[in-house]
Amino acid sequence: MSPILPGDAVAAIVLAMFAAGYASTSGSLADPPGASVLVAAVTWLQGTLLGTIATTVAIVAVASVGLMMLAGRINIRHGLTVIAGCFILFGASTIVAGIQSSLAGGDRAAPAAMPESPPPMVAAAPPPPPPANRDPYAGASVPAR
């Protein structure tokens with residue numbers, strides 16, 4: 001089975017996304033006047049690939065692959081590849097943020113301060129003992145005449 005896009009097309013898309021991201025953050029005079037159009041196009045592409053349409057396609061893909069795995073039409077390795085691809089696609093921003101924070105090293109968050117312990121619980125005074133001759137069933141078994 002051939003991939004959806006050839007390798008050169010994937011490389012071109014990644015290069016365009018990188019260039020558009022760089023163009024939007026660099027404010028130099030070397031930016032061409034039409035750079036905002038490219039940034040808008042790549043932003044639209046990103047919104048499409050990570051938006052509602054992609055979420056719907058991912059749900060349908062996972063459901064159909066799951067049913068095909070249950071029916072025995074595809075092996076588990078291919079099914080898990082589809083599910084891992086969805087995790088990587090939708091978790092890419094979190095994965096990159098984690099890698100960047102681990103590479104920074106100096107930006108590590110200080111350990112959270114321990115919350116103050118609650119005040120000790122004071123035991124309530126025990127209720128007074130019941131009277132010694134207390135009978136809860138007194139008069140219940142013998143009818144009054």
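Trainee: How many residues does helix α5 have, and what is its span from its first C-alpha to its last?

Mentor: In this predicted model, helix α5 covers residues 92-104, which gives 13 residues. From its first C-alpha to its last, helix α5 reaches 18 Å, close to the 18 Å expected at 1.5 Å a residue.

Trainee: Which residue follows α5, and what is its phi?

Mentor: G105 follows α5, and the phi of G105 is positive, near 70 degrees.

Trainee: Which elements make up the protein, and in what order do they run?

Mentor: The protein has 5 helices and 0 strands. Read from the N terminus, the order is α-α-α-α-α.

Trainee: How are two packed helices described?

Mentor: Two packed helices are described by the angle between their axes and by the distance between those axes. Here, helix α3 (residues 52-71) and helix α4 (residues 76-90) have axes that come within 9 Å and cross at roughly 165 degrees. Angles over 145 degrees count as roughly antiparallel, and α3 and α4 are therefore roughly antiparallel to each other. The crossing of α3 and α4 is left-handed.

Trainee: Which residues of α3 and α4 meet?

Mentor: From α3, the residues are A54, T55, A58, A61, V62, V65 and M69. In α4 they meet I76, G79, L80, V82, I83, C86 and F90.

Trainee: Let us take V62 as an example. With which residues is V62 in contact, leaving aside its neighbours within four places in sequence?

Mentor: V62 lies in helix α3, and with those neighbours set aside, V62 is in contact with I83 and C86. V62 and I83 are 21 residues apart along the chain, and their C-alpha atoms are separated by 6.4 Å.

Trainee: Is V62 buried or partly exposed?

Mentor: Buried means under 20% relative accessible area, and exposed means over 50%. V62 has a relative accessible area of 32%, so V62 is partly exposed.

Trainee: Where is G91 found, and is G91 buried or exposed?

Mentor: G91 belongs to the loop between α4 and α5. With a relative accessible area of 18%, G91 is buried. The C-alpha atoms of G91 and L50 are separated by 9.9 Å, and these two residues are 41 apart along the chain.

Trainee: What share of the contacts joins residues at least 24 apart?

Mentor: Among contacts between residues at least 6 apart in sequence, 41% join residues at least 24 apart.

Note on methods:
Residues are numbered from 1 along each chain as its sequence is written. This is a predicted model: local features need pLDDT of at least 70, side-chain atom pairs count only at pLDDT 80 or more; totals for chains, interfaces and linings use all residues. Side-chain values use heavy atoms; hydrogens and water are left out. Helices (H or I, at least four residues) and strands (E, at least two) are DSSP runs, numbered from the N terminus. Contact means heavy atoms within 4.5 Å. The expected span of a helix is 1.5 Å times one less than its number of residues. Axes are lines fitted to C-alpha atoms, for helices over the stretch in contact, and angles run from 0 to 180 degrees between N-to-C directions. Angles under 35 degrees count as roughly parallel, over 145 as roughly antiparallel, 65 to 115 as roughly perpendicular and the rest as oblique. A crossing is left-handed if the near helix is turned anticlockwise from the far one by less than a right angle, and right-handed if clockwise. Buried means under 20% relative accessible area, exposed over 50%, partly exposed in between (1.4 Å probe, protein chains only).
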